[in-house]
Amino acid sequence: MPFELPELPYAKDALEPLMSSKTLEYHHGRHHAGYIKKLNKLIEGTAFAKMTLPDIIVRADELKDSSVFNNAAQAFNHELFWNSLTPSGKQKPEGSLASAIRRDFGSVDEFEEEFRVSATGLFGSGWVWLVSDDGRLRIIATGNAGTPLVNGLEPLLTLDVWEHAYYLDVQNDRGKYVDTFLNELVDWSAAGERFERLRKAA
Ligand code: MN
């Protein structure tokens, strides 16, 4: 079965005016869709075709197959990105995730500051992540299609910092885009659920 473009978990205009429907139309409908289309073409008739997306990513990384890796990782990264945003924004972390953030970063404010520095400081295109490293929380940045799956880290949240994610809305102002994510759009409740699932599976 070829991979399919997952539907957005909200309407295309649900994040207006912070993230426009025009951005989602291109970012989801063209960029994300394009990675999946290319991935399907690349893996057709190969051993990859029967594998899950995370397994393809790890295997393509081992084989240094950059075409398959880049398109598979971008497919995965974007799916998590859409599920890191919510129209019912202005959330703060709660429960066990909030406790773990205080334990590992000092406070939610200090987490946000580190995330902001990481996202604005990443040169060129890439992703910034909140990950669980065996239960410990860390912020990491990956260039281009890079994904923490290849390092055995469990992603809880991600922010796409490729220019295509924000250029239509705020042009080159990545700082404003990052602040909007942290203050208005981040889906802490989904991140908290991911963290709970990991704790229960541990
Ligand atoms: Mn993107």
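Helices and strands are taken here as DSSP runs, of at least four residues (H or I) for a helix and at least two (E) for a strand, numbered from the N terminus. Two strands count as paired if DSSP finds at least two bridges between them. The model under discussion is predicted.

Strand 1, residues 126–133, pairs with strand 2, residues 136–143, in the antiparallel sense, and 8 bridges link the two.

Most residues other than glycine have a negative phi, and most peptide bonds are trans. Lys-90, which is not a glycine, has a positive phi of about 55°. Lys-90 is located in the loop between helix 3 and helix 4, the latter spanning 95–105. The peptide bond that joins Glu-16 to Pro-17 is cis, with omega at about -5°. Pro-17 belongs to the segment that precedes helix 1.

At the level of the whole chain, the protein is divided into domain 1, covering 21–82, and domain 2, covering 95–201. A distance of 20 Å separates the C-alpha centres of domain 1 and domain 2. The two domains meet through 19 residues of domain 1 and 20 residues of domain 2.

The size of an interface is often given as the accessible area lost when the parts come together. Between domain 1 and domain 2 the buried area is about 1,500 Å², and carbon and sulfur atoms give 71% of this area. The rule for salt bridges, which asks for a side-chain nitrogen of Lys or Arg within 4 Å of a carboxyl oxygen of Asp or Glu, finds 0 across the interface of domain 1 and domain 2. Polar contacts, by contrast, are present between domain 1 and domain 2, with 9 residue pairs counted, both members at pLDDT 80 or more.

On the side of domain 1 that touches domain 2, helix 1 (21–43), helix 2 (53–62) and helix 3 (66–82) each supply at least two residues. Helix 3 gives the most to this side of domain 1, with 9 residues. By residue class, the side of domain 1 that touches domain 2 comprises 10 nonpolar, 7 polar and 2 charged residues.

Technical notes:
Residues numbered from 1 in each chain as written. Predicted model: local features only at pLDDT ≥ 70, side-chain atom pairs only at ≥ 80, totals over all residues. Heavy atoms only, no water. Domains from an automatic or database assignment. Contact = heavy atoms within 4.5 Å. Buried area = accessible area lost by both parts, 1.4 Å probe. Polar contact = N/O pair within 3.5 Å; in protein donor to acceptor, adjacent residues only side chain to side chain. Nonpolar A, V, L, I, M, F, W, Y, C, P; charged D, E, K, R; others polar.
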